[in-house]
Amino acid sequence: MNRFFNITGPNREHENFGLDLLKRIDYKAIETFIDRGRYFTVCSPRQSGKTTLLLALKKKINEEGRYHCLYCNVEAAQVAGNDAENGVRLILSRIAQEAELELKDPWPYQNFASILEQVGSEGALVTFFERWLFQAQPNKKPIVLIFDGIDLLSGKTLVSVLRQLRTGQINSPRLFPKTVILSGVRDVRDVDIEINERQSLIGRSGSDIRERSVVL
């Protein structure tokens, strides 16, 4: 097939024309953030190549071999809103599928649902990684986790995810991802989170996880 210009969805290297996205960002800075275990954001407008960049970043990190990089698009959890249990379930399902696909590890998919049932949505993300990485040691490389579309989450689902990232970071990298990259059109730390008509969290309320924002 001849290459063509693509304006919908991520570029495919062998099908579409495109720039080397890793040259459009400060990759050395990203390497430094990862090596230091920083959690940070990647922000850019729609149709600017963000998802293509994240997939290229995942590929490069995995090829370099020091970390396992997992990509998780969390857009499916947008519908959950204040139903944090459903939102966290959808996110854990995506992480588990990615782990089975990329790492050939069936444990996450076999166990994420029972973990959610045991500890509830407010602790499931942290407990999931603690149990998975504990049983996988010492063979597991540190994990770099990419959350794409994080700014599409809302309400209690977004609050739960951000607070668990902050809690889990305490045990990173042994029992939680070494680095989490949060990607969206907007910087998630600047998003106002509305819980209901009477309660909202105004900007920067989720967690203090950013080294600085990487802009594409």
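Contact here means heavy atoms within 4.5 Å. Helices (H or I, at least four residues) and strands (E, at least two) are DSSP runs, numbered from the N terminus. The model is predicted: local features need pLDDT of at least 70, side-chain atom pairs count only at pLDDT 80 or more, and totals for chains, interfaces and linings use all residues. Residues are numbered from 1 along each chain as its sequence is written, and side-chain values use heavy atoms, with hydrogens and water left out.

**Whole chain**

Colour by secondary structure. The chain has 6 helices and 7 strands. Along the sequence they follow the pattern α-β-α-β-α-α-α-β-α-β-β-β-β. Of the 216 residues, 50% count as buried. Buried means under 20% relative accessible area, exposed over 50%, and partly exposed in between (1.4 Å probe, protein chains only). Among contacts between residues at least 6 apart in sequence, 72% join residues at least 24 apart.

**Helix 5**

Select residues 121-136. This is helix 5, with 16 residues. Its first and last C-alpha atoms are 23 Å apart, close to the 22 Å expected at 1.5 Å a residue. The expected span is 1.5 Å times one less than the number of residues.

Where is the kink in helix 5 centred? Pick threonine 127: the kink there is about 30°. The bend at a residue is the angle between axes fitted to the seven residues ending there and the seven starting there.

Now show side chains. The buried residues of helix 5 include Leu125, Val126, Phe128, Phe129, Trp132 and Leu133. Their cover includes strand 2 (68-73), helix 3 (84-103), helix 4 (107-119), strand 3 (143-148) and helix 6 (155-168).

Two packed helices are described by the angle between their axes and the distance between the axes. Axes are lines fitted to C-alpha atoms, for helices over the stretch in contact, and angles run from 0 to 180 degrees between N-to-C directions. Angles under 35 degrees count as roughly parallel, over 145 as roughly antiparallel, 65 to 115 as roughly perpendicular and the rest as oblique.

Helix 4 and helix 5 pack at about 140°, with axes 9 Å apart. They are therefore oblique to each other. On the helix 4 side, the contact includes Trp107, Phe112, Ile115 and Val119. On the helix 5 side, Ala124, Thr127, Phe128 and Arg131 are among the residues involved.

Zoom in on valine 119, in helix 4. At 36% relative accessibility, valine 119 counts as partly exposed. Leaving aside neighbours within four places in sequence, valine 119 is in contact with Ala124, Thr127 and Arg131.

Helix 3 and helix 4 pack at about 165°, with axes 8 Å apart. They are therefore roughly antiparallel to each other.

Between helix 3 and helix 4, stop in the loop at lysine 104. Most residues other than glycine have a negative phi. The phi of lysine 104 is positive, near 55°. Lysine 104 is exposed, with a relative accessible area of 65%.

**Helix 1 and helix 2**

Select residues 27-35 and 50-64. These are helix 1 and helix 2, packed at about 60° with axes 13 Å apart. That makes helix 1 oblique to helix 2. Tyr27, Ile30, Glu31 and Ile34 of helix 1 make the contact with Leu57, Lys60, Ile61 and Glu64 of helix 2.

Keep helix 2. Its 15 residues should span 21 Å at 1.5 Å a residue, and its end C-alpha atoms are 21 Å apart, which agrees. Buried residues of helix 2 include Leu53, Leu54, Leu57 and Ile61. The buried residues pack against helix 1, strand 1 (40-43), strand 2, helix 3, strand 3 and strand 4 (179-184). Just after helix 2, glycine 65 takes a positive phi of about 90°.

**Last stops**

Is histidine 68 buried or exposed? Select it in strand 2. Histidine 68 is buried, at 18% relative accessible area. Not counting residues up to four places away in sequence, histidine 68 touches Asn62, Leu103, Lys140, Lys141, Pro142, Ile143 and Val144.

Finish at proline 173, in the loop between helix 6 and strand 4. Most peptide bonds are trans. The bond joining serine 172 and proline 173 is cis, with omega about 5°.
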